[in-house]
Amino acid sequence: MSSENCSTFFTDLPLLESFFEISNPNNFYPIPDDWYIAITDIVDSTGAIDQGKYKMVNILGASPIVGMLNLGNKDEIPYTFGGDGCTLCIPPSLVTETRKVFRASREIGKAEYDLDLRAAIIPVNHIREAGFDVKVARYKVSDAYNQSIFSGDGLTYAEEILKDPANKQFMINFTEEAENADFTGLECRWQEVGRQDKKVITMLVRSNPQRTDSDEIYTTVLNKMRDIFSFDDKTNPIETSQLRMNMSISSLMGEIKFRTFGMSWLQRLTYILKMEIQIVLGKIFMALGYKSSATNWSLYKPDLALNSDHRKFDDMLRVVISGTDEQLNELKAFLEKEFQASRLAYGLHVTHSAMITCMVFKYHRQHVHFVDGSDGGYVMAAKKLKERLRKIRE
């Protein structure tokens, strides 16, 4: 299927109303043949996290999504955030603009954070010729946020291409001079969110690639999580009562450095002052439940929790959830049993809080929030997942 002139491919897909529908292969549709997979990650993100740069890893990893959606195709580009990088599905008409956004993200990350972003743009046809596929579904997270859900192992193969030093064919050439991109809306203004009575669990689960019953395996995992956590409505680590805005300049520097890159010291100072005023006003408006002609501030925190990507699927189950020690131990026992039976591999990272990187197009309803476990949740869980995948393949 070709869609050179079909910008509404993704928005025309039916909406899944339940997250449990992701394990049904009939709910997924092939990405058009002439589209591309645009993928990024941060080189040695584990080392960066060991240096305490996990907030910078998250904001740089999310930045290409914001830059791409600011091109005016917010509802038409399927994407997913992976902690230290992202993946987008783009039509041929956006390839040139995607290169510009990736180069801009990489330049800022290198200059401001000393982090190295690598990126590739890979034809969907190339992935299919290698025996993989890229299929997508549209899941209704909330009235304001429809999430992309991926299957077919094509994104996993694209990641292998990205990380293969011998494969230069599809890599972005970063020797060309970077151009400006619009990262308006990329924000990181909330304190980490946690509760004393619960842990924050970052979990990756992938079915054994050598098996043919992956749909059944994911259904089993989801049902077990529902049994343990009441999965539908009680695992979101973002609780509105625990949300606190951050006033510390040092904690806000991740956003400040990214959003003011290339500006003079006076422009950077102006941005900081404007941001601090916005935070103070936001605190007051949310506390009072103030309603203006543009924004109902009483809805912002509830919408933040609703419009979060704390559970998703992109060739694997990827979640950030909260639970008690008892629930965590039951989950570990179940996953280890399934791993020993060679049905799946998993990675867990347990910490005290979750962190939020925000994509704010409007303060009234139109904002999406990327959630990760603090101290490098997804990156650290992925490291453990890869170790177990190697074992079940031996």
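The model is a predicted one. A search of the whole structure finds 23 salt bridges. Three of these pairs are described below, together with a network of salt bridges that includes Asp41 and Lys163.

**Aspartate 41 and lysine 163**

- Aspartate 41 and lysine 163 form a salt bridge, with 3.8 Å between the closest N and O atoms.
- This pair joins distant parts of the chain: aspartate 41 belongs to strand S3 (residues 36-42) and lysine 163 to helix H5 (residues 154-163), 122 residues apart.
- Aspartate 41 has a relative accessibility of 5% and therefore counts as buried, the cut-off for that class being under 20%.
- Lysine 163 has a relative accessibility of 30%, so this residue counts as partly exposed.

- Salt bridges link Asp41, Arg118, Glu159 and Lys163 in a network.
- Helix H5 is largely enclosed by the rest of the structure, because seven of its 10 residues are buried.
- The buried residues in H5 are Gly154, Leu155, Thr156, Tyr157, Ala158, Ile161 and Leu162.

**Glutamate 179 and lysine 100**

- A salt bridge connects glutamate 179 with lysine 100, and their closest N and O atoms are 3.9 Å apart.
- Distant parts of the chain are linked by this pair: glutamate 179 lies in the loop between H5 and strand S9 (186-187), whereas lysine 100 lies in helix H3 (residues 95-113), 79 residues apart.
- Glutamate 179 is partly exposed, its relative accessible area being 43%.
- Lysine 100 also counts as partly exposed, at 25% relative accessibility.

**Lysine 224 and glutamate 330**

- Lysine 224 and glutamate 330 meet through their side chains in a salt bridge, at 3.6 Å from N to O.
- The two residues come from distant parts of the chain, with lysine 224 in helix H6 (residues 214-229) and glutamate 330 in helix H10 (residues 325-340), 106 residues apart.
- With a relative accessible area of 26%, lysine 224 is partly exposed.
- Glutamate 330 is partly exposed, with a value of 37% for relative accessible area.

Note on methods. Residues are numbered from 1 along each chain as its sequence is written. This is a predicted model: local features need pLDDT of at least 70, side-chain atom pairs count only at pLDDT 80 or more; totals for chains, interfaces and linings use all residues. Side-chain values use heavy atoms; hydrogens and water are left out. A salt bridge is a side-chain nitrogen of Lys or Arg within 4 Å of a carboxyl oxygen of Asp or Glu. Helices (H or I, at least four residues) and strands (E, at least two) are DSSP runs, numbered from the N terminus. Buried means under 20% relative accessible area, exposed over 50%, partly exposed in between (1.4 Å probe, protein chains only).
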